[in-house]
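Please look over the sequence and the model shown here before turning to the briefing that follows.

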Amino acid sequence: MSDKLGPLTAAAPPREAAARPRRRRRLSGRDKLAGAFIHLELLVVAVIVIFPLMWIVGASFSPGTGLANATPIPTDATVEHYVDLFTQTDYGRWYLNSLYVATLNMVGSVALSALCGWVFSRIRFRGRKAGLLGILILQMFPTFLTAIAVYMLFLNFGLLDSLTGLALVSIAAALPYNIWLMKGYTDNLPASLDEAAAIDGAGRLTIFRRIVLPLMRPMLTFVAITQFTVPWMDFILPRLLLQSADKQTVALGLFQMIEDQYQNAFTSFAAGAVLLAVPITILYILLQRYLVTGASAGAEKG
Amino acid sequence: MRTAQQGSRLPAPVPGLASALVWGAGQLINRQAGKAAFFFAFFVGTLVWEIATGNYYAGMEFTPRSNGGFFVKGLWGLTTLGTQPREMTVTGLSEGDNSIILMANGLISLLTLALLAIVWIWSIRDAARYRAARNAGAEPERSREYFKKLWDGAFAYIALSPGLVLIVFMSVLPVLFGILVAFTDYNRDNLPPKNLVNWVGFENFATVFAVPSWTGTFLGVLAWTFVWAIVSTATAYAAGFLQAVLLANKKVKFPRLWRSVFLLPWAVPGIVSALVFRSMFNGQFGPVSQWLVDVGITDERVYWFTDASQPNLARAVALLVNLWLSFPFFMALIGGVLTNIPDSYYEAARMDGAGPLQQLRHITLPVVHKTVSPLLILAFVSAFNNFGTIYFLTQGGPDNADYRFAGSTDLLITWLFKLTLDNRLYNIGAVMSMLIFVIVGTISVWNLNRSKAIREL
């Protein structure tokens with residue numbers, strides 16, 4: 001869903017985009033016309049971009065329950081669907097479940113991938129190259145092949161229907177990729193600082209915690225945000241691993257709402273979708289620079 | 001014991017052989033009690049584990065099925081997948097073998113055995129090498145020093161172990177399991193614990209490639225998946241490039257505001273956007289169909305994703321929706337590249353009399369393409385496996401009568417989902433997964449071979 005564009009090449013620490021000085025010069029008639037055309041194009045694209053989003057927000061405030069009642073700008077707006085979400089459905093429960101999985105996934109992914117990425121980058125040990133290639137191959141497998149098997153294994157070990165189990169699988173699924181990201185980023189950090197600290201007698205874990213980790217912050221942020229947002233939108237794994245009604249996540253709940261045509265709960269779905277989308281959207285827009293540089297970490301080096 | 005001088009010169013293979021039979025015995029011969037205890041603990045642990053989980057004192061005839069422990073029964077289960085089906089007896093249903101659980105347990109015991117084999121080989125080599133070094137006149141080494149050295153040298157492995165354990169149990173094991181399933185008859189007609197699952201060799205591969213309806217579906221879905229991946233990557237790149245170049249134009253007022261608006265499709269969770277579009281393009285109640293009728297462009301409502309006579313319409317709409325979803329990322333990416341192109345390039349071009357279009361073609365495009373092209377392959381791969389957009393938008397629809405369990409917009413990955421989850425054809429699904437892996441893996445390996453990351457490894 002999200003662009004999982006892969007920086008398998010070395011990542012460079014994000015460079016501050018040098019703001020180009022905007023030169024003022026008198027606009028000729030032709031320039032003005034060109035400017036008008038550009039703005040027209042931008043406006044058309046902006047409308048195309050905004051309309052579906054406005055429509056779903058409008059739908060969440062529209063009276064009535066069905067799809068046909070949805071309008072982008074409802075005349076008699078109501079918040080009853082938002083109230084219904086928390087009184088008539090388990091939306092609050094789903095939200096907390098997703099929040100739990102997301103938090104666990106974020107913390108686990110950041111901690112494990114930072115440690116492993118650093119080890120792969122800085123320590124030369126036997127099996128290093130094989131390990132890196134192995135996890136690279138592993139991440140080419142569709143999650144799907146593993147998902148069914150994970151389901152069977154969890155059934156076997158009694159881990160099914162557990163949010164913690166789901167978080168563990170999510171961490172493992174993204175770990176190879178995240179390790180490569182962290183490794184690539186650490187490769188580009190100056191090793192001289194580590195060496196100086198080692199000469200001063202610092203232990204390896206101290207060097208990692210005190211020196212490398214602070215320098216890795218941009219990549220840590222990137223992995224933290226992506227891994228925090230993934231469980232909110234993930235569908236395949238939770239659909240397989242979670243069964244009971246009180247263990248559903250937001251994505252599962254919303255999909256059921258819209259899937260069940262006889263339930264006729266489109267406006268409630270809209271409200272739920274808005275509540276899911278708003279925090280993540282704000283997070284993405286605010287942290288866009290980290291996210292774009294992180295996801296394109298490979299682009300600069302090629 | 002460290003002061004005890006060895007009188008006789010024992011040849012090095014002797015302690016090695018001893019360790020091969022009883023782990024740690026060679027170390028004991030070498031007078032390294034600490035090490036000997038270390039390896040012996042693994043040996044005893046393995047045996048105790050096997051005996052404690054098995055049923056070795058039953059007094060009856062030994063069979064791996066009823067007497068075997070974790071390892072013996074595990075390997076037996078993996079090779080036979082169970083021999084006793086569930087049957088109706090006078091006392092009710094008998095407890096038959098569950099092939100899938102046997103297979104999973106077998107895999108786990110096989111992996112555990114592989115790890116133990118590493119310890120075993122390590123103990124043999126250690127015993128022989130230490131002996132050889134001592135024979136050559138090296139000083140004796142205390143076990144404690146050895147373990148201290150080991151600890152320092154093994155830091156990398158220890159630091160990696162939590163991540164690796166997770167990967168082994170949550171990724172490697174399932175992948176192996178998935179591969180094994182491709183060689184069984186595990187599907188809806190043959191579900192444990194009711195039935196036993198059997199090994200069938202390459203029968204499932206033969207089915208996919210020899211039964212015309214399966215082959216037809218596979219090739220049809222594969223072709224559309226390639227079209228989808230190529231077109232969606234190309235359109236997203238082109239549209240992203242166009243928007244980025246326009247936004248970089250100095251005439252644009254409030255560029256940051258425009259940029260933030262255009263980034264919205266990227267920032268909104270994909271599942272929400274896809275479900276919103278699905279509702280907008282709903283044939284019966286959706287606003288798009290309604291609007292087309294109201295304005296008078298069409299006489300009747302258009303059933304975008306459910307009209308089986310219009311598969312290409314559904315495909316085109318899906319591609320357009322995907323463009324909406326994916327152009328902002330390229331726009332942001334290319335926008336970043338554009339700010340890093342030095343102004344002097346353009347000034348030099350202007351002095352040579354190049355117009356804006358020429359500058360775009362000969363400066364902007366090559367620079368952008370050079371930086372972004374490595375990502376295009378990865379974008380292609382992620383589009384190839386784009387489950388979310390298709391599943392939530394069209395669910396693979398409209399139906400296609402010629403296909404097996406697939407609709408006209410189904411990608412390989414969504415077809416796989418339907419095969420395994422909705423239709424429980426686990427074995428065929430596993431074959432499909434392997435085929436997807438081969439395709440995606442080939443492309444990725446080809447791409448990686450050109451990149452610097454691998455060479456610098």
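Between which two helices of chain A does the loop that holds D161(A) lie? D161(A) sits in the loop between helix 5 (143-157) and helix 6 of chain A, where helices (H or I, at least four residues) are DSSP runs numbered from the N terminus. This is a predicted model, in which local features need pLDDT of at least 70 and side-chain atom pairs count only at pLDDT 80 or more, while totals for chains, interfaces and linings use all residues. Residues are numbered from 1 along each chain as its sequence is written, and chains are lettered from A and ligands numbered from 1 in the order in which they are written.

**Backbone features in loops**

- D161(A) has a phi near 65 degrees, which is a positive value in a residue other than glycine.
- D161(A) counts as partly exposed because it has 15 C-beta neighbours inside 10 Å; a residue is buried if 20 or more other C-beta atoms, placed from the backbone, lie within 10 Å of its own, exposed if 12 or fewer, and partly exposed in between.
- In chain B, R31(B) has a phi near 60 degrees, again a positive value in a residue other than glycine, and R31(B) lies in the loop between helix 2 (25-29) and helix 3 (33-53) of that chain.
- R31(B) has 16 C-beta neighbours inside 10 Å and therefore counts as partly exposed.
- A cis peptide bond, with omega about 0 degrees, joins G397(B) and P398(B), and P398(B) is found in the loop between helix 17 (387-393) and helix 18 (412-422) of chain B.

- Helix 8 (residues 204-215) of chain A has twelve residues and reaches 16 Å from its first C-alpha to its last, close to the 16 Å expected at 1.5 Å a residue, the expected span being 1.5 Å times one less than the number of residues.
- In this helix I207(A), F208(A) and V212(A) are buried, and, seen down the axis of helix 8, the buried residues fall within an arc of 95 degrees, so they line one face of the helix; the arc is that of the directions from the helix axis to the C-beta atoms.
- The buried residues of helix 8 pack against helix 3 (91-122), helix 6 (163-187) and helix 7 (192-199) of chain A, whereas R209(A), R210(A) and P214(A), on the other side of helix 8, are exposed.
- A202(A), in the loop between helix 7 and helix 8 of chain A, is partly exposed, with 16 other C-beta atoms within 10 Å.
- Not counting residues up to four places away in sequence, A202(A) touches A197(A) and I207(A), contact requiring that the C-beta atoms of two residues, placed from the backbone, lie within 7 Å.
- The C-alpha atoms of A202(A) and I48(A), which are 154 residues apart along the chain, are separated by 57 Å.

**Contact between the chains**

- Between the two chains, 85 residues of chain A are in contact with 87 residues of chain B, and helix 1 (residues 29-61) of chain A gives the largest share of the chain A side, 14 residues.
- By class, the side of chain A that touches chain B has 62 nonpolar, 13 polar and ten charged residues; Ala, Val, Leu, Ile, Met, Phe, Trp, Tyr, Cys and Pro count as nonpolar, Asp, Glu, Lys and Arg as charged, and the others, Gly among them, as polar.

**Domains of chain B**

- The domain assignment of chain B gives domain 1 (13-201) and domain 2 (206-455), with bounds that come from an automatic or database domain assignment.
- The C-alpha centres of domain 1 and domain 2 of chain B lie 46 Å apart, and the contact takes nine residues from domain 1 and nine residues from domain 2.
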